[in-house]
Amino acid sequence: MATPSPRPRYEIAHLDDIPATPYNGSHGFEIPGEWKQLRHYFAIREFSANAMVATERGQQVVHEHSERANDDPTNPGDEELYIVVRGRFRVRLDEERVDVAAGTVVFVGEPSTVRSFTALEPDACVVAVGTNPGVEFVVSNFEQEVSPPPRWS
């Protein structure tokens, strides 16, 4: 396989033009809708970034989860920022449920907080960015295994 070109100094892309990462459920869980790996697409090195797009109403595009470190369980889990780009979602934050719409920003600063995003309409899209505070960023084994070949070095 050829070595990818060096990463450009900057890049602009529309969410609709970033390809979804195919995933077949081989790691024991499903990813409904479209999963767009923004971190992988742009070759981001210091934080995770993903866009999740519902292809139908009722899809839980951000599965119910809490965070933990990718490399060492003694390190803190991710702080995450979710930005609703379009559509509406029902968000779970521990035992609270709240409906949110495009333009809403949800910050989860406590990694143990259980969170999920369920689409209330098709084509709803939420972008998630996160990192482990004070810990060197490590790409998860899952992401390494399912990601397409890199576009940039």
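A salt bridge joins the side chains of Glu-11 and Arg-151, with an N to O distance of 2.6 Å. Glu-11 belongs to the segment before β1 and Arg-151 to the segment after α2 (141-146), so this pair ties together parts that lie 140 residues apart in sequence. Glu-11 is partly exposed, at 28% relative accessibility, and Arg-151 is likewise partly exposed, with a relative accessible area of 32%. The structure described here is a predicted model, and a search of the whole structure finds 9 salt bridges.

A second salt bridge is formed by Asp-123 and Arg-86, whose closest N and O atoms are 3.2 Å apart. Asp-123 is located in the loop between β8 (115-119) and β9, whereas Arg-86 is part of strand β4; the pair therefore ties together parts separated by 37 residues in sequence. Asp-123 is partly exposed, its relative accessibility being 41%. Both residues also belong to a network of salt bridges that links Asp-16, Arg-86 and Asp-123.

Strand β4, which contains Arg-86, is a member of an open sheet of 5 strands with antiparallel pairing and the order β1-β2-β9-β4-β7. The edges of this sheet are formed by β1 (34-37) and β7 (105-108), each of which pairs on one side only. On average, and with direction ignored, neighbouring strands of the sheet are turned by 20 degrees against each other. Within the sheet, β4 (residues 79-86) and β9 (residues 125-131) run antiparallel and are joined by 7 bridges. Val-84 has Val-126 in β9 as its bridge partner.

An open sheet of 4 strands is also present, again with antiparallel pairing, in the order β3-β8-β5-β6. Its edge strands are β3 and β6 (96-101), each pairing on one side only. Neighbouring strands of this sheet are turned by 25 degrees against each other on average, direction ignored. Strand β5 (residues 88-93) pairs with β6 in the antiparallel sense over 6 bridges, and Phe-89 stands opposite Val-100 in β6.

Asp-99 and Arg-90 also form a salt bridge through their side chains, at 2.7 Å from N to O. Asp-99 is partly exposed, at 43% relative accessibility. Arg-90 has a relative accessible area of 39% and is partly exposed as well.

Side chains of opposite charge can pair when their charged atoms come close. Glu-67, in contrast to the residues above, is buried and has no salt bridge. The nearest side chain of opposite charge is that of Arg-115, 4.3 Å away, whereas a salt bridge requires a side-chain nitrogen of Lys or Arg within 4 Å of a carboxyl oxygen of Asp or Glu. Glu-67 is placed in the loop between β3 (60-65) and β4. The side chain of Glu-67 makes a polar contact with that of His-65, at 2.8 Å. With neighbours within four places in sequence left aside, the residues in contact with Glu-67 are Gly-77, Asp-78, Glu-80, Pro-111 and Arg-115. Arg-115 is thus in contact with Glu-67, although Glu-67 has no salt bridge.

Technical notes:
Residues are numbered from 1 along each chain as its sequence is written. This is a predicted model: local features need pLDDT of at least 70, side-chain atom pairs count only at pLDDT 80 or more; totals for chains, interfaces and linings use all residues. Side-chain values use heavy atoms; hydrogens and water are left out. Two strands pair if DSSP finds at least two bridges between them. Helices (H or I, at least four residues) and strands (E, at least two) are DSSP runs, numbered from the N terminus. Axes are lines fitted to C-alpha atoms, for helices over the stretch in contact, and angles run from 0 to 180 degrees between N-to-C directions. Buried means under 20% relative accessible area, exposed over 50%, partly exposed in between (1.4 Å probe, protein chains only). Lys and Arg count as positive and Asp and Glu as negative; His and the chain ends are not counted. A polar contact is a pair of N or O atoms within 3.5 Å; within protein, one must be able to donate a hydrogen and the other to accept it, and residues adjacent in sequence count only if both atoms are side-chain atoms. Contact means heavy atoms within 4.5 Å.
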